[in-house]
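Subject: The structure we talked about

Hi,

Here is the structure I promised to pass on. Have a look at it first, and then read on for what turned up.

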Amino acid sequence: TQSTWGHFLSVYFFSSCCMFVLVQIKDTIPLPPVSFNKEFFDAVRDELNKKYAGKVLPTCGLCIAVYDVAKVGEAVVHAGDGAAWVRVEFREIVFRPFPNEIIRAKILKCDANGITLTLGFFEEIHVPPQFMPEPSFFDEAQLVWMWQAGDADGNEVELAFDIGADVLCQVKEVCLDAEHAMEPPAPVAPAR
């Protein structure tokens, strides 16, 4: 028997960028009565995005948005519940960088503990001091990290990691935040 909890059928690479993947999922979702005035497929997509977007699927990554809906079953209304329950198969765009991948990001903030980067939709990339170019130091006066590098003539120059600057970083480790992890949905009893 198949569980209603995110049954992952396959993973596809999305475009040429490997930090995003398509994950195929089967789930049973409720369509609340307030969504009955919408087009059926729009209501399904909206409810899937409410449920999954911004949540972490353990072992998969951070859900971004529904890519497409492959199958939609018949809507079933259970006694005592005004929602229409629908079995859905869909593909979700998931952010899942892999170790050693190079990512372009912007510097969001700096402090003595390191640099925090943003991708625009995700602001929890932390670069600790031990992963910065050497030799680097935190400038307390300017509140930025500085890198002591050499120029073409062999002179030492200090380069600042300025807030808002674009940087390339290499993924060292991926840690999924349990605070945003999804709980498996409760099984739905079949209609009688």
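A word on naming before anything else: a strand here is a DSSP run of E with at least two residues, and strands are numbered from the N terminus. Please also keep in mind that this is a predicted model.

Let me start with the pocket. The largest pocket has a volume of about 990 Å³. Its lining is made up of 36 residues, and those nearest the centre of the pocket are Glu 124, Ile 125, His 126, Val 127 and Glu 173. Which strand gives the most to the lining of the largest pocket? That is strand 13, with four residues. At least two lining residues each come from strand 4 (61-72), strand 7 (102-111), strand 8 (114-118), strand 9 (125-127) and strand 13 (166-170). By residue type, the lining of the largest pocket has 25 nonpolar residues, five polar ones and six charged ones.

Next, the interior. In soluble globular proteins, nonpolar side chains tend to be buried together. In this model the largest nonpolar core has 24 residues, and the members touching the most other members are Phe 95, Ile 107, Ile 115, Leu 117, Leu 119 and Trp 145. Strand 2 (20-31), strand 6 (84-95), strand 7, strand 8, strand 9 and strand 13 each bring at least two residues to this core. Strand 7 gives the most to it, with four residues.

Leaving aside residues up to four places away in sequence, Phe 95 touches Met 19, Phe 20, Cys 60, Gly 61, Leu 62, Ile 64, Leu 119, Phe 121 and Phe 122.

For Cys 60, the nearest cysteine sulfur is that of Cys 63, 7.6 Å away, and Cys 60 is in no disulfide. With a relative accessible area of 5%, Cys 60 counts as buried, because the cut-off for that is under 20%. Cys 169 is buried as well, with a relative accessible area of 13%.

Is Glu 47 buried or exposed? Glu 47 is buried, at a relative accessible area of 12%. This residue lies in helix 1 (residues 40-52). Its contacts, not counting residues up to four places away in sequence, are Ile 29, Pro 30, Leu 31 and Pro 32.

Finally, some backbone details:

- Glu 134 and Pro 135 are joined by a cis peptide bond, with omega about -5 degrees. Pro 135 sits in the loop between strand 9 and strand 10 (136-139).
- Asn 100 is not a glycine, yet has a positive phi of about 80 degrees. You will find Asn 100 in the loop between strand 6 and strand 7.
- Leu 143, also a residue other than glycine, has a positive phi near 55 degrees. Its place is the loop between strand 10 and strand 11 (144-150). Leu 143 is partly exposed, with a relative accessible area of 48%.

Best wishes

Technical notes: Residues are numbered from 1 along each chain as its sequence is written. This is a predicted model: local features need pLDDT of at least 70, side-chain atom pairs count only at pLDDT 80 or more; totals for chains, interfaces and linings use all residues. Side-chain values use heavy atoms; hydrogens and water are left out. On a 1 Å grid over the protein atoms alone, a cavity is a set of points where a 1.4 Å probe fits but cannot get out, and a pocket is an open set with protein on both sides within 12 Å along at least five of seven lines; lining residues have an atom within 4 Å of a point. Grid points are joined across faces, edges and corners, and a volume is the space filled by probe spheres set on the points. Ala, Val, Leu, Ile, Met, Phe, Trp, Tyr, Cys and Pro count as nonpolar, Asp, Glu, Lys and Arg as charged, and the others, Gly among them, as polar. Buried means under 20% relative accessible area, exposed over 50%, partly exposed in between (1.4 Å probe, protein chains only). Contact means heavy atoms within 4.5 Å. A disulfide is a pair of cysteine sulfur atoms within 2.5 Å. A nonpolar core is a set of buried Ala, Val, Leu, Ile, Met, Phe, Trp, Tyr and Cys residues joined through side-chain atoms within 4.5 Å.
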